[in-house]
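Please have the viewer open while I talk.

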Amino acid sequence: MRTMESHRMRVGALAWNSSLLSSGSRDKNILHHDLRAPEDYVSKLTGHKSEVCGLKWSYDNRQLASGGNDNKLFVWNQHSVQPVLKYTEHTAAVKAIAWSPHLHGLLASGGGTADRCIRFWNTTTNTHLSSMDTGSQVCNLVWSKNVNELVSTHGYSQNQIIVWRYPTMSKLATLTGHTFRVLYLAISPDGQTIVTGAGDETLRFWNVFPSPKSQSSDSLSSIGATSFVRSYIR
């Protein structure tokens, strides 16, 4: 339908906001592409000093979070071309980013091999809330829409998937099976199933979250991770 050739180097991160597509590149820039406009891009965001490797719009589409190989996490508003918030606590690349669907302004981010931490931020008050050392490179984060829990996927050294309860950050399940780092993570529209992709050339489907109607009784903590989590390999 359309080809937009506006970045000078590889494009490693994408995020949708209605008809606006945001892209992050190794050229250090973030571009907003409005599919209704004839131009390749309508806005350029500058601030990262290295490749942009993570992008995520908030659920209300008002804030964009970006992570870079410069170990920085930035937050932008709809109209800014410079970051409105800058977080520098990570000590490795920030690829994993997730906004909470339950609390406005709550942002989670994960660092690479030299960092291994999941950090939580309140972008409304511009505060660092907490940090959890996971012991492994954090590749992806996604929040459950149905319960206040989140999933992280990991690389070196354990290649595991972890389900956490927020805000206690107690582990509800640790899922293993991938033999290389788990680079990709997506969640189903009903919020119950995740799919993970790794360098081992497999996709694995896991039922990790309850349905919205059964969240009071069918949580991981009440059923038990071993009976509730299933893996299907294609």
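Predicted model: local features only at pLDDT ≥ 70, side-chain atom pairs only at ≥ 80, totals over all residues.

Where in the chain does Thr91 lie, and between which strands? Thr91 sits in the loop that runs between strand E8 (85–87) and strand E9 (94–99), where strands, like helices, are DSSP runs numbered from the N terminus, with at least two residues in state E for a strand and at least four in H or I for a helix.

Residues are numbered from 1 along each chain as its sequence is written, and side-chain values use heavy atoms, with hydrogens and water left out.

If we set aside neighbours within four places in sequence, Thr91 is in contact with Asn71, Ala114 and Asp115, contact meaning heavy atoms within 4.5 Å. Gly111 is 20 residues from Thr91 in sequence, and the two C-alpha atoms are 7.1 Å apart.

Ala114 belongs to the loop between strand E10 (106–111) and strand E11 (117–122), and with a relative accessible area of 61% it is exposed. Not counting residues up to four places away in sequence, Ala114 touches Thr91 and Ala92. His90 is 24 residues from Ala114 in sequence, with a C-alpha to C-alpha distance of 9.0 Å.

Is Thr196 buried or exposed? Thr196 is buried, because its relative accessibility is 0%, and its place is in strand E18 (residues 193–198). Its contacts, again leaving aside neighbours within four places in sequence, include Thr153, Ile161, His178, Tyr184, Leu203 and Trp206. Val182 is also on that contact list, and although Val182 and Thr196 are 14 residues apart along the chain, their C-alpha atoms are separated by 6.6 Å.

A cis peptide bond, with omega about 15°, joins Tyr156 and Ser157, and Ser157 is found in the loop between strand E14 (149–154) and strand E15 (161–165). The peptide bond from Tyr166 to Pro167 is cis as well, with omega near 10°, and Pro167 lies in the loop between E15 and strand E16 (170–175).

That loop between E15 and E16 also holds Met169, whose phi is near 60°, a positive value in a residue other than glycine. Met169 is buried, with a relative accessible area of 7%. Ser18 likewise has a positive phi, near 55°, in the loop between strand E1 (11–17) and strand E2 (20–25), but Ser18 is exposed, at a relative accessible area of 66%.

Let me step back to the whole chain. The protein has 2 helices and 20 strands. Its radius of gyration, taken over C-alpha atoms, is 18 Å, close to the 17 Å that the globule rule gives for 234 residues, so the protein is as compact as a globular protein of that length; the rule is 2.2 Å times the number of residues to the power 0.38. Along the principal axes, the C-alpha trace spans about 50 × 40 × 35 Å. Buried residues make up 53% of the 234 residues, and 40% of the contacts with a separation of 6 or more come from residues 24 or more positions apart.

Finally, the annotation. In the model, residues 2–206 are 0% helix and 51% strand, with end C-alpha atoms 34 Å apart. For residues 45–86, the composition is 0% helix and 48% strand, and the end C-alpha atoms lie 14 Å apart, whereas residues 175–208 are 0% helix and 53% strand, with their end C-alpha atoms 10 Å apart.

Definitions and conventions: Buried < 20%, exposed > 50% of the residue type's maximum accessible area, 1.4 Å probe, protein only.
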